Amino acid sequence: MSFINVFKSDAKRHTSLASGQVVPDPTRCVQCGICSYNCPIGIDVRAHAWRNEPVKHSECLTCGECVARCPRGVLRFVQTDLFKRRPA
Amino acid sequence: MKYVIIGSGVAGMAAVEAIRSVDGAGEVVMVSEDPHGYYSRPGLAYYLTGELLDKALYLRTREDAKKMKLTFLNARVTRILRTEHALELDGKSRLAYDKLLIAVGSRAVRLEVPGAKLEGVVKLDHMNDAKNILKLAKRGRTAVVVGGGITALELTEGLLARGMKVHYLLRGDRYWSNVLDPRESQIVEKRLKEEGVTLHHHAELVGILEKNGKVGGIRLEDGHTLPCDLVAYAIGIQPCLDLVKDTGLALDRGVLVDERLQTNDPDIYAAGDVAQAFDPLSGRSVLDSLWNPAREQGHTAGLNMAGRRTAYLKSAPFNVTRLAGLTTTIIGAVGHGKDEDVLGIARGDSETWRDLPDAIVAQSGFDVNHMRLLIGEKTLIGAVVMGDQTLSWPLQKMVAGGADISPIREKLMLPDAPIADLIADFWLGWRKQVAL
Ligand code: SF4
Ligand code: SF4
């Protein structure tokens, strides 16, 4: 159905963000599991959202599948190297 | 200490985790008549559309339960025996408790028209309902959806995704009229039509027609009939109060609890959809049917049950949902009055959304990206964001945090004001001040 295609095409818009980290807003999450279900390497993103923890998994591809497909706007990419860029 | 939790939804599970964070030794028992235990109820919508398999919705394994030292009993609680501090299970056995949490949730208001008991008349409360719908939803056949709010659209989208032709009956002249404004209803209805849904306004269902012992069609008040194979309804929800009716626990429309989620019996607590929780800020007791407040209430109840005094502070309610494929966030107070399609409250709804103090509306955007702000004297009191969600997170924080928008208030209210830009600029400054 095209309702769902809307989200599939969204997924392609997010290209890898090399120094990004997936960060949840647990107050929006309904634990549906679409994120974990679609993660190509099987990271349990949903469990991170429940515990309010960023996805620090070393194997995270930052592919954005989970961010794009979450129907509740729970997940965001947050750059992790912001501090490095600041002068000490 | 023996803790018993009735109900296996998110309020119950949050309570178990909170109890365990304080008391590692006490006995914790969860009793539920739902054989499926704890799963994501909102996720059923995505199971219907086929975006998920049912097994992806289950949230805790047997191993997890063991680790939490949680005993799960699949049984129906038939009575609460307060003087004995015990529950009667399935009309026979007894289960004693020291502290009890009632977290039995809410259920669909039943459709009461002739024929409503026929095979092929469905609702969406539990996993079993979703499985039943998928069994009956046959490609190419016709379904009629009755009701309002989020669940009615979830049913519509699910049935559509399964290849059914869908007719959606609305009693009034537009969709979800007490939360959305006319323009927003129109956006949703237009998208539904584009997807092939046939909308019928001012359509009052008066009967379901039988064919070979099953649903064969429906009859409307104006005499028209429509052949169909399935009738799906979502005409509102009600807290499940059967169990508490004759117990002497204080009730209104839900189980009345104070800000610690305690009922008038100090050993009994209630949380989630069944609870009508006192809000110290507004001084009123309100019903919510939202996942996160249920989780927070369960958590607070669990802490109090385990002896850690904690108050539940209701934050500005919000919900993110998909309406006809369009991501929509509803924050704070946005609507008013009654919705003809829903009796009382709908699932994914909060009564607070209709608590509208004097407010001025500012709007922006066009069809697919739409934003409406409800502007109070100094603060934003609510917002609806459809489509692009970039600003929904800032708006949620600004409404909840009571951001003083005086510097941009006048500009926001000018006709054709670029409200998205104004909000975005303001947000960048405000978030620095509050260190978000
Ligand atoms: S897809 Fe979104 S709402 Fe669903 S479990 Fe993942 S983070 Fe939560
Ligand atoms: S960004 Fe990709 S790899 Fe990383 S958690 Fe999300 S879906 Fe999995």
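The shell around ligand 2 has nine nonpolar, two polar and one charged residues, and its members are A:V22, A:C39, A:P40, A:I43, A:V45, A:C60, A:L61, A:T62, A:C63, A:G64, A:E65 and A:C66.

Because the model is predicted, local features need pLDDT of at least 70 and side-chain atom pairs count only at pLDDT 80 or more, whereas totals for chains, interfaces and linings use all residues. Residues are numbered from 1 along each chain as its sequence is written, chains are lettered from A and ligands numbered from 1 in the order in which they are written, and side-chain values use heavy atoms, with hydrogens and water left out.

Chain B contains 10 helices and 26 strands, which are DSSP runs numbered from the N terminus (helices: H or I, at least four residues; strands: E, at least two). For its 436 residues, a compact globule would have a radius of gyration near 22 Å, and the value of 23 Å for chain B agrees with this; the radius is taken over C-alpha atoms, and the globule rule is 2.2 Å times the number of residues to the power 0.38. The C-alpha trace of chain B spans about 65 × 65 × 40 Å along its principal axes. Buried residues account for 61% of the 436 residues in this chain, where buried means under 20% relative accessible area, exposed over 50%, and partly exposed in between (1.4 Å probe, protein chains only). Of the contacts (heavy atoms within 4.5 Å) in chain B between residues at least 6 apart in sequence, 63% join residues at least 24 apart.

Strand β26 of chain B, residues 380–386, is mostly covered, with seven of its seven residues buried. Strand β23 (residues 326–332) of chain B pairs with β26(B) in the antiparallel sense over five bridges, two strands being paired if DSSP finds at least two bridges between them, and B:G332 has B:G382 as its bridge partner in β26(B). Strand β25 (residues 369–375) of chain B also runs antiparallel to β26(B), to which six bridges join it; here B:M371 stands opposite B:V385, and a hairpin of four residues leads from β25(B) to β26(B).

Two histidines of chain B, neither of them a glycine, have a positive phi of about 50°, namely B:H85 and B:H202. B:H85 is found in the loop between β4 (77–81) and β5 (86–89) of chain B and is partly exposed, with a relative accessible area of 25%. B:H202 lies in the loop between β12 (198–200) and β13 (205–211) of chain B and is exposed, at a relative accessible area of 56%. B:N319, by contrast, has its place in strand β22 (residues 318–323) of chain B and counts as buried because its relative accessibility is 9%.

Notes. Near = heavy atom within 4 Å. Nonpolar A, V, L, I, M, F, W, Y, C, P; charged D, E, K, R; others polar.
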